[in-house]
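Hi,

Here is the structure I promised to pass on. Have a look at it first, and my notes follow below.

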Number of protein chains: 2
Amino acid sequence: MLARPTPYRPHNHDACVSQALADARIICQQQNARLTPIRERVLELIWRSHKPLGAYDVLAELASDGHNAAPPTVYRALDFLQQNGLVHRIASLNAFIGCTYPGESHAGMFLICRACGNVLELTAPDVSSEVRKAAADEGFRTENTTLEIAGLCPLCQAEPGHD
Amino acid sequence: MLARPTPYRPHNHDACVSQALADARIICQQQNARLTPIRERVLELIWRSHKPLGAYDVLAELASDGHNAAPPTVYRALDFLQQNGLVHRIASLNAFIGCTYPGESHAGMFLICRACGNVLELTAPDVSSEVRKAAADEGFRTENTTLEIAGLCPLCQAEPGHD
DNA sequence: CTGTGAATGTTATAATGTTGCAAATTTTGC
DNA sequence: GCAAAATTTGCAACATTATAACATTCACAG
Ligand SMILES: [Zn+2]
Ligand SMILES: [Zn+2]
Ligand SMILES: [Zn+2]
Ligand SMILES: [Zn+2]
């Protein structure tokens, strides 16, 4: 299997963003969802940063584009992108990040480096199945899983202060 | 093993709260942490509700006590209680709940019913170990895990609209 | 065209959380 | 005990995150 680009491995991020946008256009077309210019622009801004972006960060970027947007514009775009599986909200950071596995059904698991702020999204089937099992043992019907791991990424363990 | 009381099983909740407070006093004494009146009162308020309580909910309860507190008072008390493992913050709800396993080292896992709002805290060693494994595979050093499952509790599956 | 629903603009406001400093309280060293 | 030091609390202002309500514009079908 080809290794996906990750925040930890340098890569051509422009290509990475372009790919994400292209994927998004296809996914939206398939789902009859309208990836309007604002929505696409918000998705692009989020993808340009591997680090999660707050709604007001997005807002500021839009403003520096000359787009005079208000909070609801951003939150609505973010809602749309979440609904369509294109971004995730990181609850422990109040921030958003592009989904690494759009179109694939998955329960995301996020490794959040407290030093450099990068976030890596994983799909861990073994984790998911243990979670489902533990919930099922209590008779609980799982609908949505939030799994966020804070800690130190490999680079920051080796090189404190790294960015 | 004796079944713990859970939000799903009715139980003598006054006793349950008293027990939690007694445990907290012992734990704080052991750790040389000062469970001051405000802190104890906040812990009690949180325990009285099995449902997670927002910081401003706590504030309102304090106010109805006649205690004229400001937000920092509550947030500081909550920080203290978290530091000492007496409450957890539920990131997906911006709310706090008493820890079911205080004094025991554990990575909490929370089953959050979207219908009745009750939250059950579990310790699931199998889940924790799978999580650690998945993180370790990426060379990531786990410090803190947020695992919150939203869905339907057994009662609400059977009896929609139940509280 | 034109009516209809979706998307966006706009303003205001709600909800959650923090900073900074002063006053009070508790602990510590003597 | 008593003064110095450290911790805790009070308090005012402020920062950040998110939503409500309603008007306007836009895309698209008939
Ligand atoms: Zn990338
Ligand atoms: Zn890092
Ligand atoms: Zn109880
Ligand atoms: Zn329920």
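Predicted model: local features only at pLDDT ≥ 70, side-chain atom pairs only at ≥ 80, totals over all residues.

**What I found**

His11(B) comes out as partly exposed, since its relative accessible area is 26%. Cys16(B), by contrast, is buried, at 15%. Both of them hold the zinc ion (ligand 3): His11(B) through NE2 and Cys16(B) through SG, together with His13(B) (ND1) and His50(B) (NE2), at 2.2 to 2.4 Å. Along the chain, the donors are spaced as H-x1-H-x2-C-x33-H.

What is the arrangement of the 4 donor atoms around that zinc ion? It is irregular, because the angles they subtend run from 86 to 140°, and a tetrahedral call needs all angles between 85 and 135 degrees.

Now for the two chains.

As for the fold, chain A has 6 helices and 5 strands, in the order α-α-α-α-β-β-β-β-α-β-α. Its radius of gyration is 17 Å, close to the 15 Å from the globule rule for 163 residues, so chain A is as compact as a globular protein of that length. The C-alpha trace of chain A spans about 50 × 40 × 30 Å along its principal axes, and 46% of the residues in chain A count as buried.

Cheers

Technical notes: Residues numbered from 1 in each chain as written. Chains lettered and ligands numbered in written order. Heavy atoms only, no water. Donors = N, O, S within 2.8 Å, 3.2 Å for Na, K, Ca; no water. Tetrahedral: all angles 85-135°; square planar, octahedral: opposite > 155°, others 65-115°. Buried < 20%, exposed > 50% of the residue type's maximum accessible area, 1.4 Å probe, protein only. Helix = DSSP H or I, 4+ residues; strand = E, 2+ residues; numbered from the N terminus. Rg over C-alpha atoms; globule rule 2.2 N^0.38 Å.
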